[in-house]
Amino acid sequence: MTVEEIRAHIDPIRHEFAEARSLILPALKFAQTEKGHLTREDLEAVGEATGFSAAYVESVASFYDRLYLRPTGERVVSVCVTLSCMLRGADELLEHVCEREGLPHDGGTSEDGRITVQEVQCLGYCDRAPCVQVDAEETRGPLSLDDADALLEELRSSPRPERLWR
Ligand code: FES
């Protein structure tokens, strides 16, 4: 993503942040929507748009598990593995989803590049355990194994989102 595009996104919200460095996160999240992950060029562009070095920007990006420094699938399915979900079958759910996508037990990206599966900690939907989140948008649960199959089919049959928010 270009410096100009990132500036166009963060300029209208600059006044909401007391410190300039606080703009790095929204800038990174936006820069990531183009490809679904952050490239070296994206980190440099965010640095230039926010006034920080690419190395500093990378140190911020590497701290957060929803900022990706490696390619991801078009859609990211995050399976909660924290206590409430674990007690209601999250391990089985994760294993089922990974197996279906041909992935190792702890997730990864499907061979066709459509789906990334990852473990995450509590999504704040404990009363709907076990649950998953699709990209950064939608949390679903309680999810049976059949529901998970239907969800993956639904994601595969839907077009690539214009922006990859995650
Ligand atoms: S433990 Fe899974 S949403 Fe809270």
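Select W165. This residue is partly exposed, with a relative accessible area of 32%. Buried means under 20% relative accessible area, exposed means over 50%, and partly exposed lies in between (1.4 Å probe, protein chains only). You are looking at a predicted model, where local features need pLDDT of at least 70, side-chain atom pairs count only at pLDDT 80 or more, and totals for chains, interfaces and linings use all residues. Residues are numbered from 1 along each chain as its sequence is written, and side-chain values use heavy atoms, without hydrogens and water.

**Stop two: the partner ring**

F30 is buried, at 12% relative accessible area. Rings of Phe, Tyr and Trp (its six-membered ring) pair if their centres lie within 6.5 Å; planes under 30 degrees apart are stacked, over 60 edge-to-face, and the rest tilted. The count here is 3 aromatic pairs. One of them joins F30 and W165: a tilted pair, 6.2 Å centre to centre, with 45° between the planes. Now trace the chain between the two. F30 sits in helix α2 (residues 24-32), W165 in the segment after α7 (145-157), and they are 135 residues apart.

**Stop three: another pair**

Select F63 and Y64. Their rings form an edge-to-face pair, 5.1 Å centre to centre and 85° between the planes. Which of the cover classes does F63 fall into? F63 is exposed, with a relative accessible area of 65%. Y64 counts as partly exposed, at 36%.

**Stop four: the whole chain**

Switch to a cartoon view. The protein chain has 7 helices and 5 strands. These are DSSP runs, numbered from the N terminus: helices are H or I of at least four residues, strands E of at least two. Follow the order along the sequence: α-α-α-α-β-α-α-β-β-β-β-α.

Zoom out. The C-alpha trace spans about 45 × 30 × 25 Å along its principal axes. Of the 166 residues, 45% count as buried.

Now show contacts, meaning heavy atoms within 4.5 Å. Among contacts with a separation of 6 or more, 67% are between residues 24 or more positions apart.

**Last stop: surface and charge**

Finally, colour by charge. There are 18 positive and 32 negative side chains. Lys and Arg count as positive, Asp and Glu as negative; His and the chain ends are not counted. The centres of the two sets lie 4 Å apart, with each charge placed at NZ of Lys, CZ of Arg, CG of Asp or CD of Glu.
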